[in-house]
Amino acid sequence: MMEVERMTLNVVIPVLNEEKALRAGVEGTVRFLDGTAAEGVYTITIADNGSTDGTERIAGELCAEFGQVSYLKLGERGVGLAFREAIRHNRSDIVGYMDVDLATDIRHLEQVYRLFTEEGARIVVGSRLLPGSRVYGRSLLREITSRGLNILLKVLLRVRFSDAMCGFKFYRRDVAEHLVRVGSDEKGWFFCAEMMIRAEWEGIQVREIPVIWHDDPDSKVKVGRLSVAYLKSIRELCQEKRGKGH
């Protein structure tokens, strides 16, 4: 019997001045994936959006040590920019991103891969707000802000998914490329939420899975600044939605 060709997977890790966390994050991902169904058919893309510390040097060392690791250097900052450009460079069947600190339990990667290969999923994203999710170490401010922004998305943009901001999102290649083509040029975090919003607008199923998630006490995310940027982007999408009659 002819063996069915396995789908290839590209795990994008956006980084900005992550010299302390990069090696552990990449090595941990390699060790895990080498024991899964994705062994031998995965790549890891370090998408560096403007680091000025030792991130590039460490990334170079990791690329030399692991043939499945590549480095994408960008001249501007922004997680959205990093993921968008990684999608444009991607050649794998499945492409997605996760945090370098492995905040989302890495075991979910195997679950994601099987949903694509065995169940034909088109988009799989992690949620910290579903029954079965477990969140550790999160501050009250970040919890309230996250839930508030997700409620706004549901009320104003009529989306059904529960968690737009979880840093664990994966797409089939053709879907990701399409959403980049029709999306905005937003460089920040909200672009990753925008992809999910546009997918729902076009009737593409967003498959959510409950995840185990550990908050990083050293996270560089500025809740206040991020919330203001999100509100601006939500307003722009609301205007677009009214204009197009979604």
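The legends below describe close-up views of a predicted model.

**View 1. Helices H1 and H2 pack with their axes within 10 Å of each other.**
Two packed helices are described by the angle between their axes and the distance between the axes. Helix H1 covers residues 22-33 and helix H2 covers residues 55-65. Their axes cross at roughly 25°; because an angle under 35 degrees counts as roughly parallel, H1 and H2 are described as roughly parallel to each other. The crossing of H1 and H2 is right-handed. From H1, the residues that make the contact are Leu 22, Arg 23, Val 26 and Glu 27. From H2, they are Thr 55, Ile 58, Ala 59, Glu 61, Leu 62 and Glu 65. Sorted by class, the contact of H1 with H2 has five nonpolar, four charged and one polar residue.

**View 2. Tyr 97 lies in strand E4.**
Strand E4 spans residues 94-98. Tyr 97 has a relative accessibility of 1% and therefore counts as buried, the cut-off being under 20%. Val 12 is 85 residues away from Tyr 97 along the chain, yet the C-alpha atoms of the two are separated by 4.4 Å.

**View 3. Asp 48 is placed in strand E2.**
Strand E2 runs over residues 42-49. Asp 48 counts as buried because its relative accessibility is 0%. When residues up to four places away in sequence are not counted, Asp 48 touches Val 15, Thr 55, Glu 56, Tyr 71, Leu 72, Lys 73 and Leu 74. One of these, Thr 55, is also among the H2 residues that make the contact with H1.

**View 4. The cysteines of the model form zero disulfides.**
A disulfide is a covalent bond between the sulfur atoms of two cysteines. To be counted as such a pair, the sulfur atoms must be within 2.5 Å. Cys 166 is in no disulfide: the nearest cysteine sulfur belongs to Cys 192 and is 11 Å away. Cys 166 has 0% relative accessibility and so counts as buried.

Conventions
Residues are numbered from 1 along each chain as its sequence is written. This is a predicted model: local features need pLDDT of at least 70, side-chain atom pairs count only at pLDDT 80 or more; totals for chains, interfaces and linings use all residues. Side-chain values use heavy atoms; hydrogens and water are left out. Buried means under 20% relative accessible area, exposed over 50%, partly exposed in between (1.4 Å probe, protein chains only). Axes are lines fitted to C-alpha atoms, for helices over the stretch in contact, and angles run from 0 to 180 degrees between N-to-C directions. Helices (H or I, at least four residues) and strands (E, at least two) are DSSP runs, numbered from the N terminus. Angles under 35 degrees count as roughly parallel, over 145 as roughly antiparallel, 65 to 115 as roughly perpendicular and the rest as oblique. A crossing is left-handed if the near helix is turned anticlockwise from the far one by less than a right angle, and right-handed if clockwise. Contact means heavy atoms within 4.5 Å. Ala, Val, Leu, Ile, Met, Phe, Trp, Tyr, Cys and Pro count as nonpolar, Asp, Glu, Lys and Arg as charged, and the others, Gly among them, as polar.
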